[in-house]
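Good morning. I will go through one structure today, and I will keep it short.

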Amino acid sequence: MSYTISLFTVGTKQKERQSAQPDFFEKDENLEKFTPKQRTALENRLLKYRYKPVGNNSDGKIFEHPDFGEAFLTDGALYFSTSNNFDCILEVEMTASEFTDTGEFAKYDVQEGGWEEV
């Protein structure tokens, strides 16, 4: 079993809050796409946090961290996945929160009940 935390644009957060769709995140058209600048910034930040690119698939780019799991960067989301180990969850939670410091991104944690409010 894994623990997943998602990072979206603030625009996606606003759209989701205004939506009445229970399956909002299941539809790609609901997710605001990252700009090329945002995508590059996220990739560079992942590298600084020791996530290494390990491959691509048709939906995005896969990164692995030597200790804390993986990250998957798509056009409209960054998904962090880790094991249910407390230390790994804590580290990934903090990393995802730190990625919101520019004000462009919002953290969504379905296990914790939704959007992180700062």
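I will start with the sheet, then take the helices, then the pockets.

What you see is a predicted model. Its sheet is open and has seven strands, in the order S2-S3-S4-S5-S1-S6-S7, with antiparallel pairing. At the edges are S2, residues 52-57, and S7, residues 114-115, and each of these pairs on one side only.

Look at S1 and S6 for a moment. They run antiparallel and are joined by four bridges. Phenylalanine 8 is opposite alanine 106 in S6. Helix H1, residues 10-18, packs on the sheet and touches S1, S6 and S7. The direction of H1 makes about 100° with that of S1.

Now helix H2, residues 36-48. H2 lies across S1, S2, S3, S4, S5 and S6, and runs at about 170° to S4.

On to the pockets. How much space lies in the largest one? About 190 Å³. Its lining includes Asp28, Lys33, Asp59 and Asp75, along with Phe72 and Tyr79. By class, that lining has four charged, three nonpolar and two polar residues.

The second largest pocket has a volume of about 150 Å³. Tyr79 is among its lining residues too, as are Phe8, Phe25 and Tyr108. Which strand gives the largest share of this lining? That is S1, with four residues. S1 and S6 each supply at least two. The classes here are six nonpolar, two polar and two charged.

That is the end of my part.

Definitions and conventions:
Residues are numbered from 1 along each chain as its sequence is written. This is a predicted model: local features need pLDDT of at least 70, side-chain atom pairs count only at pLDDT 80 or more; totals for chains, interfaces and linings use all residues. Side-chain values use heavy atoms; hydrogens and water are left out. On a 1 Å grid over the protein atoms alone, a cavity is a set of points where a 1.4 Å probe fits but cannot get out, and a pocket is an open set with protein on both sides within 12 Å along at least five of seven lines; lining residues have an atom within 4 Å of a point. Grid points are joined across faces, edges and corners, and a volume is the space filled by probe spheres set on the points. Ala, Val, Leu, Ile, Met, Phe, Trp, Tyr, Cys and Pro count as nonpolar, Asp, Glu, Lys and Arg as charged, and the others, Gly among them, as polar. Two strands pair if DSSP finds at least two bridges between them. Contact means heavy atoms within 4.5 Å. Axes are lines fitted to C-alpha atoms, for helices over the stretch in contact, and angles run from 0 to 180 degrees between N-to-C directions.
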